Amino acid sequence: MQAGAEDNYGNLALVKHVVLVLSGKGGVGKSTITTELALAFKHAGKKVGILDVDLCGPSIPRMLCVGRPDVHQCDSGWVPVYTDAQKSLALMSIGFLMEDPDEAVIWRGPKKTAMIAQLVSDVAWGELDVLLVDTPPGTSDEHLAVLENLRKHRVDGAVLVTTPQAVSTGDVRREITFCKKTGVRILGIVENMSGFVCPHCTECTNIFSKGGGEELAKLTGSVFLGSVPLDPLLSASVEEGRDFAESFPNSATFSSISSISQVLLKSLEND
């Protein structure tokens, strides 16, 4: 790192890679993919952070079973919440800052923008290999605020999450346009809920259509990172805040997630 870089980058100075996780619509499992990628990176020996800027639906604290801890401050800003004693997975979420977990975030654009600016610049991350930024669905002012406040630090790119159906891939196509217009590199597309894994026989059935994400990647010249099936074991792990990789290391679903994380890591480290 060049002299003076730490001053320029502030609390992101020691963060090697920043990756946005985007989706064109809600309900595609973007936060689940963010959580599972973070855990896969952690199991690969990386120090990882998640910045949850989904202001209206901050679900990652529950997915990582960290509850509602008090957020402390140091000289550099907010201290992130760590999910393990080794401090290998750090998390900051708007969910930690709300007095009432059932309170609705009814804010106009300027207040949202100001909060995102704080979340991006005022968290003392320390050294991280990868910071994953879980964004709200769509291409709204929240996304522009995130990008605006990350401009001082090199953003490696974005992972786009879709489900196989055309209605979802159509929305992700607009997300691709957003990335191109704002100069964000597309690291790849993940197709989530790609088939249903039977909890009894482990056979995977395509209850939705299949291959929409891969086809979209081909049409747009993007990298297809892989597909993750709709697996009741993964859903239960997310609901209960358990580490899916630790609980089901031999499952085909974990193999898919692990493969996606390895391809993504290799892309980041070879950049």
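The structure is a predicted model, in which local features need pLDDT of at least 70, side-chain atom pairs count only at pLDDT 80 or more, and totals for chains, interfaces and linings use all residues. Residues are numbered from 1 along each chain as its sequence is written, and side-chain values use heavy atoms, with hydrogens and water left out.

**Binding sites from the UniProt record**

- An unreviewed UniProt entry gives the label "binding site" to Gly24, Lys25, Gly26, Gly27, Val28, Gly29, Lys30 and Ser31; UniProt positions are in the numbering used here, feature names are shortened, and annotations may be inferred rather than shown by experiment.
- From this set, Gly29 belongs to the lining of the second largest pocket. On a 1 Å grid over the protein atoms alone, a pocket is an open set of points with protein on both sides within 12 Å along at least five of seven lines, and lining residues have an atom within 4 Å of a point.
- Gly24 sits in the loop between strand 1 and helix 2, and Lys25 lies in the loop between strand 1 and helix 2 too. Helices (H or I, at least four residues) and strands (E, at least two) are DSSP runs, numbered from the N terminus.
- Lys25 is partly exposed, at a relative accessible area of 28%. Buried means under 20% relative accessible area, exposed over 50%, and partly exposed in between (1.4 Å probe, protein chains only).
- The unreviewed UniProt entry also lists Cys198 and Cys201 under "binding site".
- Cys198 is found in the loop between strand 9 (186-197) and strand 10 (204-205), and Cys201 lies in the loop between strand 9 and strand 10.
- Cys201 is partly exposed, with a relative accessible area of 46%.

**Salt bridges**

- Side chains of opposite charge can pair when their charged atoms come close.
- There are six salt bridges in the structure, each a side-chain nitrogen of Lys or Arg within 4 Å of a carboxyl oxygen of Asp or Glu.
- One of them joins Asp129 to Lys16, with the closest N and O atoms 3.2 Å apart. This pair links distant parts of the chain, since Asp129 is in strand 7 (residues 128-134) and Lys16 is in strand 1 (residues 15-22), 113 residues apart.
- Asp129 counts as buried at 15% relative accessibility, whereas Lys16 counts as exposed at 55%.
- Lys46 pairs with Glu269 in a salt bridge whose closest N and O atoms are 2.9 Å apart.

Methods:
On a 1 Å grid over the protein atoms alone, a cavity is a set of points where a 1.4 Å probe fits but cannot get out, and a pocket is an open set with protein on both sides within 12 Å along at least five of seven lines; lining residues have an atom within 4 Å of a point.
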